[in-house]
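Colleague: I have a model open and would like to learn how to read it. Where do we begin?

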Amino acid sequence: MIYSQNINKICAVCQMAHKYSDDEMYCDIKREPVPLGGAACDKFIYDILKRRVRRMKKLNTDFNPEDFSL
């Protein structure tokens, strides 16, 4: 769920953090680089646009149109 109350508070999805390198984020509040998966501080503000979207895998099926005809 997108708007769940049980959001993992990590710096990677915080509104105050920006990408610094491949494995670090720069925190505007702390004014220093923090680990990508590190726990966020008390000033955490969730940013939905930084959330990684998990795409649904394509199903490997071998159905034919004849399978669905009556």
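**A buried charge**

Modeller: Begin with Asp47, which is buried yet makes no salt bridge. The nearest side chain of opposite charge is Lys50, 4.4 Å away. Keep in mind that this is a predicted model.

Colleague: How do I judge that distance to Lys50?

Modeller: A salt bridge needs a side-chain nitrogen of Lys or Arg within 4 Å of a carboxyl oxygen of Asp or Glu. Asp47 has no such bridge, with Lys50 at 4.4 Å.

Colleague: Where does Asp47 lie, and which residues does Asp47 touch beyond four places away in sequence?

Modeller: Asp47 lies in the segment after β3. Leaving out residues up to four places away, Asp47 touches Val13, Cys14 and Gln15.

Colleague: Which residues is Val13 in contact with, beyond its neighbours within four places in sequence?

Modeller: Val13 contacts Asn8, Phe44, Ile45, Tyr46, Asp47, Lys50 and Arg51. Val13 is also one of the eight residues of the largest nonpolar core.

Colleague: Which other residues form that core?

Modeller: With Val13, the list is Cys11, Cys14, Ala17, Met25, Cys27, Val34 and Phe44. Among them, Met25 stands opposite Val34 in β3.

Colleague: Now the sheet. What is the order of the strands?

Modeller: Read the order from the pairings. This is an open sheet of three strands, β1-β2-β3, with antiparallel pairing. The edge strands are β1 and β3, each pairing on one side only. On average, neighbouring strands are turned by 45° against each other, direction ignored.

Colleague: How many bridges hold each pair, β1 to β2 and β2 to β3?

Modeller: Strand β1 covers residues 17-21 and β2 covers residues 24-27, and four bridges join them. Four bridges also join β2 to β3.

Colleague: How many residues sit between the strands of each hairpin?

Modeller: Count between the strand ends. The hairpin of β1 and β2 has two residues between its strands. Ser21 has Glu24 in β2 as its bridge partner. The hairpin of β2 and β3 has four residues between its strands.

Colleague: Is Arg31 buried or exposed?

Modeller: Exposed counts as over 50% relative accessible area. Arg31 is at 65% relative accessibility, so it counts as exposed.

Colleague: How many Å separate the C-alpha atoms of Asn64 and Tyr20?

Modeller: Those C-alpha atoms are separated by 49 Å, with Asn64 and Tyr20 lying 44 residues apart along the chain.

Methods:
Residues are numbered from 1 along each chain as its sequence is written. This is a predicted model: local features need pLDDT of at least 70, side-chain atom pairs count only at pLDDT 80 or more; totals for chains, interfaces and linings use all residues. Side-chain values use heavy atoms; hydrogens and water are left out. A nonpolar core is a set of buried Ala, Val, Leu, Ile, Met, Phe, Trp, Tyr and Cys residues joined through side-chain atoms within 4.5 Å. Buried means under 20% relative accessible area, exposed over 50%, partly exposed in between (1.4 Å probe, protein chains only). Contact means heavy atoms within 4.5 Å. Two strands pair if DSSP finds at least two bridges between them. Axes are lines fitted to C-alpha atoms, for helices over the stretch in contact, and angles run from 0 to 180 degrees between N-to-C directions. Lys and Arg count as positive and Asp and Glu as negative; His and the chain ends are not counted.
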